[in-house]
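Hi,

Here is the structure I promised to pass on. Have a look at it first, and then read my notes below.

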Amino acid sequence: MIRKPVDIGDPHRLYTVTGGRSRGEEAGLDLVTLIVSECRPTEGMQSEHVRILELCGHPTAVVEIAADLRLPITVVKILLGDLLASGRITARNPRPSAAHGDAPESALLKEVLIGLRNL
Amino acid sequence: MPLADAAETGLKIVIVGGFGVGKTTLVRSVSEIRPLNTEEVMTQAGAGVDDVAGLRNKSTTTVAFDFGRISLNEQTVLYLFGAPGQERFWFLWDRLFSGTLGAVVLVDTRRMADSWYAIDRLEYHGTPFVVAVNRFDEDGSRFSLDEIRQALDLPEDVPLVDCDARLRDSGKNVLITLVDHLYQQALAREMTA
């Protein structure tokens, strides 16, 4: 059954979590951008930041972080923006689907097909 | 279960369908993790909340969705999203699912009308898709795929398959049908480019 996150829906908490900022430096963060910690949590760090650094010891997608923190995607992107700006995490962005640059789109899709057939 | 440390590319496929059609079941049957649930917020007006300040008033609502994950190889991870088909969800489509590889419309033949809207919206957003009919045990009607294609007014070039969302092989087949369709489309585009 769908688990209803308990903390969502209190606008005041969301506002507090983001330090009252209304807009994050979320540029470039996608649901499936993989986040990796570049340091350990330190004393006095905001609890959400601590949790993100713990989670992202291995690559973890933005949407997985949101599910773990039980916070809306938008709010999580703001938190990640903080950590990105201070170099505490790095982001591995998805390959753009249309503007593929070097590799043709068919090559990526072939890779996906092979992966699925091998399941 | 954490991802491989070499994981660098996340990809998205969205499974769209009405309430109870089996989206989460399909995600669960192929996912390497137990499906997780998360939410995004939006204003009642439908414009996305770019502005968290908007959260201070009560004019926000949330859209919940499930997701699962398949590690395709050491570097590439496919995320599967089960997305509700209701109207307000589509306001969030671009924000959540831009760059998605494609979509699966999951159909329950007892509630075919639910699928019309999803197909219309996917066409509007230019998202390539396939249609999978989830054959429930109690689906006594057993409409043929041809009948369903007619009922959905589905163009010939959109793949339409039967599935049993509870079965891993069946769910896997639906995903392969979609990605093969996308692959053929990409090849055709690259031939004429």
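How many helices and strands are there in chain A? There are 5 helices and 3 strands, where helices (H or I, at least four residues) and strands (E, at least two) are DSSP runs numbered from the N terminus. Along the sequence they come in the pattern α-β-α-β-α-α-β-α.

Some housekeeping. This is a predicted model, in which local features need pLDDT of at least 70 and side-chain atom pairs count only at pLDDT 80 or more, while totals for chains, interfaces and linings use all residues. Residues are numbered from 1 along each chain as its sequence is written, and chains are lettered from A and ligands numbered from 1 in the order in which they are written.

On confidence, the model scores ipTM 0.89 and pTM 0.88. Chain B averages a pLDDT of 88, and 89% of its residues score at least 70; pLDDT is the predictor's confidence in each residue, from 0 to 100. Over residues 46–50 of chain B, the pLDDT is below 50, and that stretch has 14 contacts in the model beyond near neighbours in sequence. Two residues are in contact if their C-beta atoms, placed from the backbone, lie within 7 Å.

Back to chain A: of its 119 residues, 39% are buried. I call a residue buried if 20 or more other C-beta atoms (placed from the backbone) lie within 10 Å of its own, exposed if 12 or fewer, and partly exposed in between. In helix α2 (residues 47–55) of chain A, the buried ones are Glu48(A), Ile52(A) and Leu53(A). They sit on the same side of α2(A), because they cover an arc of only 135 degrees around the axis, taken from the directions from the helix axis to the C-beta atoms.

Pro59(A) lies in the loop between α2 and β2 (60–61) of chain A. Pro59(A) is buried, with 23 other C-beta atoms within 10 Å. Among its contacts outside four places in sequence are Leu34(A) and Val36(A), and also Leu3(B), Asp5(B) and Ala7(B).

Which residues touch the most other members of the largest nonpolar core? They are Val62(A), Val104(B) and Val105(B), in a core of 78 residues. Such a core is a set of buried Ala, Val, Leu, Ile, Met, Phe, Trp, Tyr and Cys residues joined through C-beta atoms within 7 Å. Helix α4 (residues 73–85) of chain A gives the most to this core, with 8 residues.

Val62(A) turns up again where helix α3 (residues 62–69) of chain A packs on α4(A): the angle is about 110 degrees and the axes are 9 Å apart. Axes here are lines fitted to C-alpha atoms, for helices over the stretch in contact, and angles run from 0 to 180 degrees between N-to-C directions. The two helices are therefore roughly perpendicular to each other (under 35 degrees counts as roughly parallel, over 145 as roughly antiparallel, 65 to 115 as roughly perpendicular and the rest as oblique). On the α3(A) side the contact includes Val62(A), Ile65(A) and Leu69(A), and on the α4(A) side Ile73(A), Val76(A) and Leu80(A).

Chain B has a helix pair too: the axes of α1 (residues 23–30) and α6 (residues 168–192) of chain B come within 8 Å and cross at roughly 100 degrees. That makes α1(B) roughly perpendicular to α6(B).

Cheers
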